[in-house]
Amino acid sequence: MKILLILLVLAILGVAGYSWLTLHWSYASGERAGFVQKLSNKGWVCKTWEGEMAMVTMPGTVAEKFYFTVPDEAVAARINASLGKRVTLHYEQHKWLPSSCLGETEYFVTAMQVTE
C-alpha cells in the first residue's frame with residue numbers, strides 16, 4: 001500500500017513538472033503579420049481563446065492561415081478590438097502540451113500590435 005501511494009505521488013509530480021516545463025519553455029518564438037479573421041472563446045470545460053489569422057504575402061494570392069491560442073484575457077480583448085485591421089502577433093511555440101485544456105494550438109500569442 002505504501003509503495004502504491006509513493007508511485008501515485010511520483011506520477012502526479014511527474015505530470016505537474018512536465019506541464020510546467022512545456023508551458024514555461026518555448027520551442028520557438030516570433031512574429032506573424034496579417035488580418036485576424038476569427039477569435040472565439042471555445043471549450044466545454046476549459047475555455048480558451050482560439051484564433052485564426054490570414055497572412056497575405058501579395059495581393060491576389062491565396063492567404064495562408066495561422067491558427068493560434070491566446071492565454072491572456074487582456075491580449076484577447078486587444079485582438080478583438082482590432083478585428084479587420086492588419087496586425088502583428090508575437091507568439092511563442094510550445095510543443096507537446098499534455099492537454100488541449102491549455103489550448104488547441106501550440107502557438108500562444110503573447111502580444112499584439114496594429115500595423116498600417
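Is Phe-66 buried or exposed, and at what relative accessibility? At 2% relative accessibility, Phe-66 counts as buried, where buried means under 20% relative accessible area, exposed means over 50%, and partly exposed lies in between, with a 1.4 Å probe and protein chains only. The structure is a predicted model, in which local features need pLDDT of at least 70 and side-chain atom pairs count only at pLDDT 80 or more, while totals for chains, interfaces and linings use all residues. Residues are numbered from 1 along each chain as its sequence is written, and side-chain values use heavy atoms, with hydrogens and water left out.

**View 1. Aromatic rings around Phe-66 and Tyr-91.** A search of the whole structure finds 4 aromatic pairs, a pair being rings of Phe, Tyr or Trp (its six-membered ring) with centres within 6.5 Å, called stacked when the planes are under 30 degrees apart, edge-to-face when over 60, and tilted for the rest. Phe-66 and Tyr-91 form a tilted pair, with 5.5 Å centre to centre and 55° between the planes. Because Phe-66 lies in strand 3 and Tyr-91 in strand 4, this pair ties together parts that are 25 residues apart in sequence; helices (H or I, at least four residues) and strands (E, at least two) are DSSP runs numbered from the N terminus. Tyr-91 is buried, with a relative accessible area of 10%. Ring pairs link Phe-66, Phe-68, Tyr-91 and Tyr-107 into a cluster.

**View 2. Charged groups over Tyr-107 and Tyr-27.** Arg-32 lies over the face of Tyr-107, at 5.5 Å from the ring centre, the criterion being NZ of Lys or CZ of Arg within 6 Å of the ring centre and within 35 degrees of the ring normal. The charged end of Lys-95 sits over the ring of Tyr-27, 5.1 Å from its centre.

**View 3. The largest nonpolar core, with Ile-79 among its residues.** This core has 16 residues, and those with the most contacts inside it are Met-53, Phe-68, Val-70, Ile-79, Leu-89 and Val-109; a nonpolar core is a set of buried Ala, Val, Leu, Ile, Met, Phe, Trp, Tyr and Cys residues joined through side-chain atoms within 4.5 Å. Two or more residues come from each of strand 1 (28-42), strand 2 (48-55), strand 3 (64-70), helix 2 (73-81), strand 4 (86-93) and strand 5 (107-114). Apart from neighbours within four places in sequence, Ile-79 is in contact with Val-36, Leu-39, Phe-68, Val-70, Leu-89, Val-109 and Met-112, contact meaning heavy atoms within 4.5 Å.

**View 4. Strand 2 and the strands that pair with it.** Strand 2 is mostly covered, with 8 of its 8 residues buried. On one side these are Thr-48, Glu-50, Glu-52 and Ala-54, and on the other Trp-49, Gly-51, Met-53 and Met-55. Strand 1 and strand 2 run antiparallel and are joined by 7 bridges, two strands being paired if DSSP finds at least two bridges between them; Ala-54 is the bridge partner of Phe-35. The two strands form a hairpin with 5 residues between them, and Gly-43 in the turn has a positive phi of about 125°. Strand 2 and strand 3 also pair in the antiparallel sense, over 7 bridges, and Glu-52 stands opposite Tyr-67 in strand 3.

**View 5. Thr-88 in strand 4.** Thr-88 is buried, with a relative accessible area of 14%, and it is the bridge partner of Ala-33. Strand 4 runs antiparallel to strand 1, with 8 bridges, and antiparallel to strand 5, with 7 bridges; in the latter pairing Glu-92 stands opposite Phe-108. Leaving aside neighbours within four places in sequence, Thr-88 is in contact with Glu-31, Arg-32, Ala-33, Ala-111, Met-112, Gln-113 and Thr-115.

**View 6. Gly-84 in the loop between helix 2 and strand 4.** Gly-84 is exposed, with a relative accessible area of 58%, and it touches Phe-35 and Val-36 when residues up to four places away in sequence are not counted. Gly-84 and Glu-64 are 20 residues apart in sequence and 16 Å apart in space, C-alpha to C-alpha.

**View 7. Helix 1 (residues 2-24).** Helix 1 is hardly covered, with 2 buried residues among its 23. At 1.5 Å a residue (the expected span being 1.5 Å times one less than the number of residues), the helix should span 33 Å, which agrees with the 33 Å between its end C-alpha atoms.
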